[in-house]
Amino acid sequence: MIDFQQVHRNYGEKTAVEDLTLHIGAGELFSLLGHNGAGKTTAIKMLVGLIRPSRGTIRVGGYDLVAKTREATSLIGFVPDQPYLYDKLSGREILHFIGRMYGMEHHQLHAATDREIHRFDLGDFVDDLTETYSHGMKQRMVFATALLHEPRVLVVDEPMIGLDPYSIRQVKDLLRAEASRGMCVLMSTHTLQAAEEISDRVGIMNHGRLLFDGTVETLREKFPSEKRTLEAMYLALTQKGASLAAEGGKA
Amino acid sequence: MSAANSEQFAPALTPHVNAAPHDSVVLRMAIPNLPSEDREAQLFWRLRYRIAQNLLRQHLAQNRLRTGLVTGLSLIFWTGLFVLFYEGFAFIVENIGPAGATYHAQTVRFVFHLFFASLNVMLVFSSAIILYSGLYKAPDTPLFLSMPIRPERIVLYKFQEALFYSSWGFFLLASPIMVAYGIVVHAPPYYYAMLLPLIVSFVYIPSSLGAIACLFVILKLPRLRKFVLVLSLLAIGATVGPLVWKTFSTPQTRLFGTEWFHDTVARFHVTEMEWLPSSWLTGGLLEAARQNPIPFGSLPADSPVVQSILYLVLLVANALFVHVLMVYFAKRWFRTSHVNLACHGTKPPVPRGLLADRIVAAGLFLFPKPLQQLLLKDWKLLRRDPVQWSQFLIFFGLLALYFMNVDRFNNPHSDIGYITWINMVSFLNLAVVGLILSTFTTRFIFPMLSLEGHCFWVLGLLPIDRDTILWSKFLFASIGSWMPCSLLVLLSDGMLNVPWMVIAVHQLTCLLLCLGLASIAVGLGAIMPVFRETSPSKIAAGFGGTLNLVLSALYIMVVVVLTALPCHFYLLASNEAWGDTILNPTYLRVWLVLGTLMAIVVGGVATAVPLRRGLRAFRQLEFV
């Protein structure tokens, strides 16, 4: 469903993503891990059409993101790390605008809006202007807009930040359920515990390169010396983590 | 949602096979029926309508005073402009000739050409700048780009906003001029019907060109950045430089004399070029305003109404042409230019230990150390925010340019008319400096404390009392504004060659204005902070900012009138011809002293009261 082929992206002199090749299939939940500046958000921005690769190709559902941007993005639902909601629109008005932009007909749109309002429990505030929403309410609203048109691919950038434990549980259950229903889910996160808990596969990026792509079990096989948590293996895999682990071992 | 509906909308789960032109067979998902171009346009108009409706409803419910104030002030401004231009055109009719006379036509044509040609250039720049911030910096652009929306539609949506914001000032300025001219020359009714289509089609042309320029510059940004900067500076230098030089080097001729008139007309001959859209607008308006009865039956091709319609057709045709060009370029350039801007490289590190910082730091040696650090912090924030200082530079630079030309009013004749005129102009200049300063204190000083709310975890934990923070804002605003304002007023007085006494009164008034305006902005900023806003322009546009602007304007008027009126009459009385007969200089000296004392008292109150109340409010403020 998602196909990165030798993708490269640089910001001036600095390389943000280097030679990224990655395939994520339908019904798969893939977690992208890495330090700040590792290249996760750049990869995600390229996937949703915000920026383009300097080299290489990205396909979504078979559509090249550069040549067939409209077709490719129509298959994607996106939850950004810093979502934008129009202050002077109500949640329902935003849902209707986005649904219509994805080509939903009147009766489909209203049915889908009711479904998402119910799923994310938006009923109490969906008709208020979004400027009055709390962070948690906004996050639920953004998930509703991303899933409204029933995308084949869900891209989620740091979904757990600022959420309370109950909401984090809800997000994890939601992502797992959507993947089980056949959706292709790509999540970027720093919450290693959540990634370990719900992901089918994880990818670890460092300095723009994908260092590891596989299941947590495969990662454990790579580090057989002791029963390692994903956190320990992640730190060991990235150079910075390795030096920290070495210092810890000496102590 | 019913299962049937869900299945109907959801993309087919089974991929189907499409043959790609270049590569081998590629599996592609079926995609939903995406909106047509027209439907996309409708949806964006609906979005805009909803936002405007909610905004208006909110304003009417919560900000009635502000909405009423803005509407009322706009109406007053419009009426004032209308009266001014009505009198101006009536003057032309009385002194130069009625509509249809040669000199009348030449004069009005010159004024219209100059006015619209200036706005032509300004619209190109303003629409380009507004489109840049709306298209490349606005938070909703990434949302649109991640959705299946055509890039040209995103550009058009943002362009319509830029068109509105860049041309509303034009409508506010042009409409009273056009209406006043129509009334003065007894224009036929179709003149008024032609106004809107002529102006709208005109505005569209330079704004679209500005939009295309904006897209092109950002598209080529990585390669063109320095080139564009150097080229722009050279273009500005090549345009403004000769004009300024010519202005100063031209020998002093009698103002409004024949030689002056011919010289001025010749200097701006460039604005009358036939290929300029502003010339088509001028032609259309002047033809429509001509009194010429429409004959029954066929209309001759050279009749005013036909000529006016032809100008309109010319404008509309060109507007449509540049629209097509803009859509063409938007489709090809927008996404790439957006990527270029997002990925054009990291910013260079902030230089440390600049000479300017060291000079400011040295100049603050009189203040206590904590105050020095706070002032230095605010100075660095100002220096690194070009939005602030560039506006300051542009407005005060334009004022300086005007003041340098103001000596043209300084006529060798020493009759009472000229003395009155010069004195009035000098005080008006002082008031203008104050009014522009008040817009800056509203826009930049008033929001300062609200913006500190986001960083109060730093300031609030420092071992200094809160009063020091507020004092630092007041000192920063008052010292920072007093120096340029004082120099500007001195420049104006020097060029007008006013007496030393008037210079002294002006300098005192300028000091009072700077202290009072700084105190009002800082005090009200502490009394009415807006912590949930991060944009200073939105904070300034709120109720507190509006109140600040109104109070500042009132304060300026009171102080200037208190010092200007006695000074004005004193100068009249000092004149030999008038002194003994109408006004007695002895009593007027008392009035002068009293007026100045009253201005000092008003200035003292305007400085002390807001600051005192602000300090009290700031001590009790909770940063939530």
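**Figure 1. In this predicted model, the axes of α3(A) and α4(A) come within 10 Å and cross at roughly 130°.** On the α3(A) side the contact is made by Arg92(A), Leu95(A), His96(A), Gly99(A) and Arg100(A), and on the α4(A) side by Leu109(A), Ala112(A), Thr113(A) and Glu116(A). Sorted by class, the contact of α3(A) with α4(A) has three nonpolar, three polar and three charged residues.

**Figure 2. The side of chain A that touches chain B.** Across this interface, 40 residues of chain A are in contact with 41 residues of chain B. On the chain A side, β1 (2-11), α2 (69-73), α3 (91-101) and α4 (106-119) each supply at least two residues, and the largest share, six residues, comes from α4(A). By class, the side of chain A that touches chain B has 17 nonpolar, 10 polar and 13 charged residues.

**Figure 3. Helix α13 (residues 369-383) and helix α18 (residues 466-496) of chain B, with axes that come within 9 Å and cross at roughly 55°.** That angle makes α13(B) oblique to α18(B), and the crossing of α13(B) and α18(B) is right-handed. From α13(B) the contact draws on Pro370(B), Leu371(B), Leu374(B), Leu375(B) and Asp378(B), while α18(B) contributes Thr468(B), Ile469(B), Trp471(B), Ser472(B), Leu475(B) and Phe476(B). The residues of the contact of α13(B) with α18(B) comprise eight nonpolar, two polar and one charged. As for the chain to which both helices belong, chain B has 23 helices and two strands, and 33% of its 624 residues count as buried. Among contacts in chain B between residues at least 6 apart in sequence, 80% join residues at least 24 apart.

Figure 4. In soluble globular proteins, nonpolar side chains tend to be buried together. Leaving aside neighbours within four places in sequence, Val185(A) is in contact with Leu29(A), Phe30(A), Leu154(A), Val156(A), Leu175(A), Glu178(A) and Ala179(A).

Note on methods
Residues numbered from 1 in each chain as written. Chains lettered and ligands numbered in written order. Predicted model: local features only at pLDDT ≥ 70, side-chain atom pairs only at ≥ 80, totals over all residues. Helix = DSSP H or I, 4+ residues; strand = E, 2+ residues; numbered from the N terminus. Buried ≥ 20, exposed ≤ 12 C-beta atoms within 10 Å, placed from the backbone. Contact = placed C-beta atoms within 7 Å. Nonpolar A, V, L, I, M, F, W, Y, C, P; charged D, E, K, R; others polar. Axes fitted to C-alpha atoms, helices over the stretch in contact; angles between N-to-C directions. Parallel < 35°, antiparallel > 145°, perpendicular 65-115°, else oblique. Left-handed = near helix turned anticlockwise from the far one by under 90°.
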